[in-house]
Amino acid sequence: MLTIGTLAKRTGTNVQTIRYYEQIGLMPEPGRTEGGQRRYGDAELDRLAFIRHARQLGFALDAIRELLDLSDTPDHSCAHVDSIAKKQLKQVEARIVRLEALRAELRRMITDCAGGSVADCRVLEVLRDHGECLADHDKTPA
């Protein structure tokens, strides 16, 4: 059995995050010692590793909850799991498009800057006037 500190170290997860996952029901309420200390087994270690990896891939907590629920029914089709993953991929691709537009704009701002005085700085000009940008960053997919 693992303490919360050991579980946190093994998964690279903050202790407060583990407690939060317990509060919102992503992690089950752990067993406790007579002194009230939390104790975790291999199943909780695996579940937390799953949650952590899903978060690293950008899945929202609701999607992770759904994926965990689906993983509890291993004999069902994985079509729904695939649809959740495809939705996440679409969101990641939209973020990439937005980030590429931001990169291009930043590069342009820097390239256009003559390196003179702050009064003539192109970077500051563009930041002051969104109309100077090539793309409308507010409307680029987030």
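## A quick tour of the chain

Over residues 1-70, the chain is 60% helix and 6% strand, with its end C-alpha atoms 26 Å apart. Helices (H or I, at least four residues) and strands (E, at least two) are DSSP runs, numbered from the N terminus. This is a predicted model, where local features need pLDDT of at least 70 and side-chain atom pairs count only at pLDDT 80 or more, while totals for chains, interfaces and linings use all residues. Residues are numbered from 1 along each chain as its sequence is written, and side-chain values use heavy atoms, leaving out hydrogens and water.

**Overall layout**

- The chain has 6 helices and 2 strands, and reading along the sequence gives the pattern α-α-β-β-α-α-α-α.
- The radius of gyration, taken over C-alpha atoms, is 23 Å, well over the 14 Å that the globule rule gives for 142 residues, so the chain is more spread out than a compact globule. That rule is 2.2 Å times the number of residues to the power 0.38.
- Along its principal axes, the C-alpha trace spans about 70 × 40 × 20 Å.
- Buried residues account for 26% of the 142 residues in the chain. Here buried means under 20% relative accessible area, exposed means over 50%, and partly exposed is in between (1.4 Å probe, protein chains only).
- Taking contacts (heavy atoms within 4.5 Å) between residues at least 6 apart in sequence, 48% join residues at least 24 apart.
- The UniProt record, an unreviewed entry, puts the annotation "domain: HTH merR-type" on residues 1-70. UniProt positions are given in the numbering used here, feature names are shortened, and annotations may be inferred rather than shown by experiment.

**The largest nonpolar core**

- A nonpolar core is a set of buried Ala, Val, Leu, Ile, Met, Phe, Trp, Tyr and Cys residues joined through side-chain atoms within 4.5 Å.
- The largest one holds 20 residues, and L7, I18, Y21, L26, I51, F59 and I64 touch the most other members.
- Elements giving two or more residues to this core are α1 (4-11), α2 (15-23), α3 (42-56) and α4 (61-71), and α4 supplies the largest share, 5 residues.
- If you click on I51, look for Y21, L26, M27, I64 and L68, which I51 touches once residues up to four places away in sequence are set aside.

- An α-helix has 3.6 residues a turn, so residues three or four places apart point the same way.
- In α1, the buried residues are I4, L7, A8 and T11. They cover an arc of only 100 degrees around the axis, which puts them on the same side of α1; the arc is that of the directions from the helix axis to the C-beta atoms.
- K9 and R10 are exposed on the other side of α1, while the buried residues of α1 pack against α2, β2 and α3.
- In α4, L61, A63, I64, L67 and L68 are buried. Their arc is only 155 degrees around the axis, which puts them on the same side of α4.
- The cover over the buried residues of α4 includes α2, α3 and α5 (79-112).

- T13 sits in the loop between α1 and α2 and counts as buried, at 8% relative accessibility.
- The T13 side chain makes a polar contact with the T11 side chain (2.9 Å). A polar contact is a pair of N or O atoms within 3.5 Å; within protein, one must be able to donate a hydrogen and the other to accept it, and residues adjacent in sequence count only if both atoms are side-chain atoms.
- Not counting residues up to four places away in sequence, T13 touches A8, I18, L48 and R52.
- Q37 is in the loop between β1 (31-32) and β2 (38-39) and is partly exposed, with a relative accessible area of 48%.
- The side chains of Q37 and R39 are joined by a polar contact of 3.1 Å.
- The C-alpha atoms of Q37 and I4 are separated by 8.4 Å, with the two residues 33 apart along the chain.
- R38 lies in strand β2, and its side chain makes polar contacts with the side chains of E22 at 2.8 Å and Y40 at 3.5 Å.
- Leaving out residues up to four places away in sequence, R38 touches a list of residues including L2, I4, R19 and P30.
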